[in-house]
Amino acid sequence: MEGSKTLTGPDEVLPSLEAIQRARSSLLETLPDDGLGADHVEAHLKREIVPGLNRPSQSSHYYGFVIGGATTAARTADHIAVEVDQNVHVHLPKETVATDVEDRATHMVCELLNLTPEHWPHRIFSTGATASNVLGLACGREHVIQKSASHASSQQSISVAEMGTHKAMMWAGISDVQILTTVPHSSLRKAASIVGLGRAAVIDVGRIDLPHRFDMAFLEDHLREEKTACIVAVSCAEVNTGLFATDGNDMARIRALCDKYGAWLHVDAAFGLLARILPPNDEYSVLNAGVAGLELADSITGDAHKLLNVVSLYKTFYNTNAAYLNTGSSETTASKDRTIPSPLNIGIENSRRFRALPVYATLAAYGKNGYRDMLERQIRLARGIAKWIMESSRYELLPPASTGTSRSDILKSIYIVVLFRARDGALNESLVQRINSSRRMYVSGTQWIGKPAARFAIATWLVDPERDLPLVITELDKATQ
Ligand SMILES: *Cc1c(COP(=O)(O)O)cnc(C)c1O
């Protein structure tokens with residue numbers, strides 16, 4: 001029970017190595033024959049294990065992965081969700097209000113993001129953006145293979161969900177399904193593997209000069225290929241650089257191409273999506289353009305545990321094109337304006353946790369303006385860090401800007417990710433370790449064109465740019481001494 005003494009100080013992002021080690025050695029080696037009792041175990045968790053756990057969601061100086069931090073309202077609601085032990089899988093309006101809460105929560109998410117809720121009847125909370133990408137690709141696979149059957153009459157009977165990918169493709173007369181994208185998140189390849197299309201189906205059609213943007217001619221070449229069905233996957237904010245795949249009316253152009261060739265349009269907007277709440281103005285012009293036209297997609301992945309700052313949540317929205325997801329007439333109407341589908345009919349899981357409650361609670365607690373304020377604080381800190389890095393002689397901001405771009409234009413392209421490296425090659429090799437060694441701040445290590453790089457991902461609601469920037473600068477300064 002000594003562990004409580006090694007709890008991290010308030011200014012430390014990570015527990016000490018000693019605390020981690022102590023917690024590790026306190027873990028039971030084997031399953032006890034007789035249980036230790038709930039009280040004993042509670043003490044074990046609180047005094048021994050917790051001090052050795054990291055706690056990024058409670059620190060404003062955790063800039064590692066984009067995992068956000070739970071708001072006060074979300075945390076309270078998540079505890080309540082555990083208390084009521086609600087299993088939300090079937091819409092049972094006479095027995096529980098749980099599916100109505102999920103319906104209201106996803107409705108409010110649409111409102112937050114300027115998406116017309118009526119256009120997105122199939123919206124669901126699942127376990128994360130990876131699972132959400134699985135759902136998006138599964139819908140896409142269903143749609144594009146069916147669409148590629150040459151005769152409308154045979155389209156009726158072709159269903160991957162029913163007959164499997166192989167037979168459906170044979171019947172449709174196609175030999176390949178491609179997922180066309182630019183700088184995809186690793187989870188997209190994983191999702192491609194899970195839905196049986198394969199990682200190799202993911203094809204990068206990015207521009208040579210701007211890899212995150214679509215080479216439209218190259219994209220169309222692939223869409224036009226004979227005996228091939230395509231899903232287009234837009235990386236709405238690429239996780240390494242924070243750059244957006246589309247700009248201005250790119251989404252409209254891609255939508256038109258998808259319609260012409262019968263392709264499905266999926267958007268992985270795990271952390272880009274929230275930029276839709278930013279006001280349209282000069283300061284945010286690049287970000288406004290990056291999320292313009294997302295409403296034209298067939299499916300969208302969002303991630304509530306990232307920028308909504310709710311624990312482990314996300315949502316995939318389906319539009320009505322996903323024929324196999326129609327829930328039929330057996331669903332009873334509970335909401336006054338729509339039929340609520342049973343979650344088990346539109347998601348991966350059957351039994352599932354009541355993930356909607358924290359989302360409902362946090363949106364109700366902070367509202368549209370509260371969320372806008374959180375995101376604006378995050379962007380202000382990211383831009384403050386980027387500005388300092390640009391002005392520093394020891395660091396370099398990445399990706400390198402094309403010659404002639406003004407500093408203010410570079411800053412306008414910064415969302416919540418700041419990618420950078422040390423100019424000194426030897427120092428750069430150990431930069432991330434040096435920055436993180438004080439444990440007062442945490443950045444993640446990554447790569448830029450085969451060389452080590454470091455990255456700030458600013459995703460927590462606790463950010464206070466005026467308070468946090470000086471600490472970041474101090475730590476960056478120290479790391480190059
Ligand atoms: C984080 C992220 C994912 C994966 O999210 P999980 O919730 O961890 O599964 C997928 N796509 C993008 C763009 C992401 O940023």
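What is the volume of the largest pocket? It is about 1,000 Å³. This is a predicted model, in which local features need pLDDT of at least 70 and side-chain atom pairs count only at pLDDT 80 or more, while totals for chains, interfaces and linings use all residues. Residues are numbered from 1 along each chain as its sequence is written, and side-chain values use heavy atoms, without hydrogens and water.

**View 1. The largest pocket and its lining.** A pocket is an open set of points on a 1 Å grid over the protein atoms alone, where a 1.4 Å probe fits, with protein on both sides within 12 Å along at least five of seven lines; lining residues have an atom within 4 Å of a point. Its volume is the space filled by probe spheres set on the points, which are joined across faces, edges and corners. Of the 39 lining residues, Leu 210, His 212, Leu 243, Pro 399 and Pro 400 lie nearest the centre. Domain 1 (1-71 + 369-481) and domain 2 (98-352) both contribute to the lining, so the pocket lies between them. The domain bounds come from an automatic or database domain assignment.

**View 2. The second largest pocket.** Its volume is about 390 Å³. His 185, Ser 187, Val 239, Ala 270 and Lys 306 are the closest to its centre among the 28 residues that line this pocket.

**View 3. Contacts of Val 232.** Contact means heavy atoms within 4.5 Å. Leaving aside neighbours within four places in sequence, Val 232 is in contact with residues including Leu 180, Phe 214, Ile 254 and Trp 264.
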